[in-house]
Amino acid sequence: MYRKTMTGLLVVGSLGFGSLVIGSTQAQAAKWHKGAPKIARGHWLDKDVMRGRMGETMYISKKLFVLDDNDPHLTHLKYKKMGNRRYKFRGYEFEAGKYQSTVTMHFINKHRVTFKQYGHRSTLYK
């Protein structure tokens with residue numbers, strides 16, 4: 001009985017120690033892709049603009065990201081998928097040229113997107 005118990009503990013202990021020594025490698029995170037995903041491309045408006053008032057607008061093409069007319073445009077776009085319909089965009093500011101900016105967006109469906117800008121959450125519609 002003693003011999004079986006010791007053998008069992010030795011096997012379990014060696015398996016546990018072996019997994020610690022070998023370790024586990026984590027999968028590489030999503031890589032940066034050129035351009036913009038198809039779900040993001042097009043003209044996006046908030047409800048105020050749809051009603052004829054002043055509001056936020058956004059335009060995304062394969063290589064350009066324009067959020068309102070006052071904000072700098074992002075060129076040389078790249079994106080990374082962060083999760084289920086969540087994307088992070090990165091690009092160079094058009095006016096400055098050498099400064100990189102990033103924006104994280106959550107596409108609820110193909111007609112609705114949410115993102116944070118200057119501390120408040122915005123929702124735009126296609």
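The following paragraphs lead the reader through the structure, from its overall plan to some of its residues and its largest pocket.

The model is predicted, and for this reason local features need pLDDT of at least 70 and side-chain atom pairs count only at pLDDT 80 or more, while totals for chains, interfaces and linings use all residues. Residues are numbered from 1 along each chain as its sequence is written, and side-chain values use heavy atoms, with hydrogens and water left out.

The protein contains two helices and nine strands. Here helices (H or I, at least four residues) and strands (E, at least two) are DSSP runs, numbered from the N terminus. Along the sequence these elements follow the pattern α-β-β-α-β-β-β-β-β-β-β. Of the 126 residues, 28% are buried; the term buried denotes under 20% relative accessible area, exposed denotes over 50%, and partly exposed lies in between, with a 1.4 Å probe and protein chains only. Contacts, meaning heavy atoms within 4.5 Å, can also be viewed along the chain: among those between residues at least 6 apart in sequence, 35% join residues at least 24 apart.

Two strands pair if DSSP finds at least two bridges between them. Strand E6 (residues 86–93) pairs with E7 in the antiparallel sense over seven bridges, and Tyr 92 stands opposite Gln 100 in E7. E7 also pairs with E8 in the antiparallel sense, over four bridges, and a hairpin of two residues joins E7 to E8.

His 106 belongs to strand E7, which covers residues 100–109. Its bridge partner in E8 is Thr 114. His 106 counts as buried because its relative accessible area is 19%. Leaving aside neighbours within four places in sequence, His 106 is in contact with Asn 84, Arg 85, Arg 86, Arg 112, Val 113 and Thr 114.

Ser 122 is found in strand E9 (residues 120–125). Its relative accessibility is 5%, so Ser 122 counts as buried. Apart from neighbours within four places in sequence, the residues in contact with Ser 122 are Glu 56, Val 113, Thr 114, Phe 115 and Gln 117. With Glu 56, the side chain of Ser 122 also forms a polar contact of 3.2 Å. A polar contact is a pair of N or O atoms within 3.5 Å; within protein, one must be able to donate a hydrogen and the other to accept it, and residues adjacent in sequence count only if both atoms are side-chain atoms.

Tyr 59 lies in strand E3 (residues 57–60). Tyr 59 is partly exposed, because its relative accessible area is 31%.

The largest pocket has a volume of about 240 Å³. On a 1 Å grid over the protein atoms alone, a pocket is an open set of points where a 1.4 Å probe fits, with protein on both sides within 12 Å along at least five of seven lines, and lining residues have an atom within 4 Å of a point. Grid points are joined across faces, edges and corners, and the volume is the space filled by probe spheres set on the points. Of the 13 lining residues, Leu 67, Asp 71, Val 103, Gln 117 and Tyr 118 are the closest to the centre of the pocket. Strand E4 (64–67), E7 and strand E8 (112–117) each supply at least two residues of this lining.
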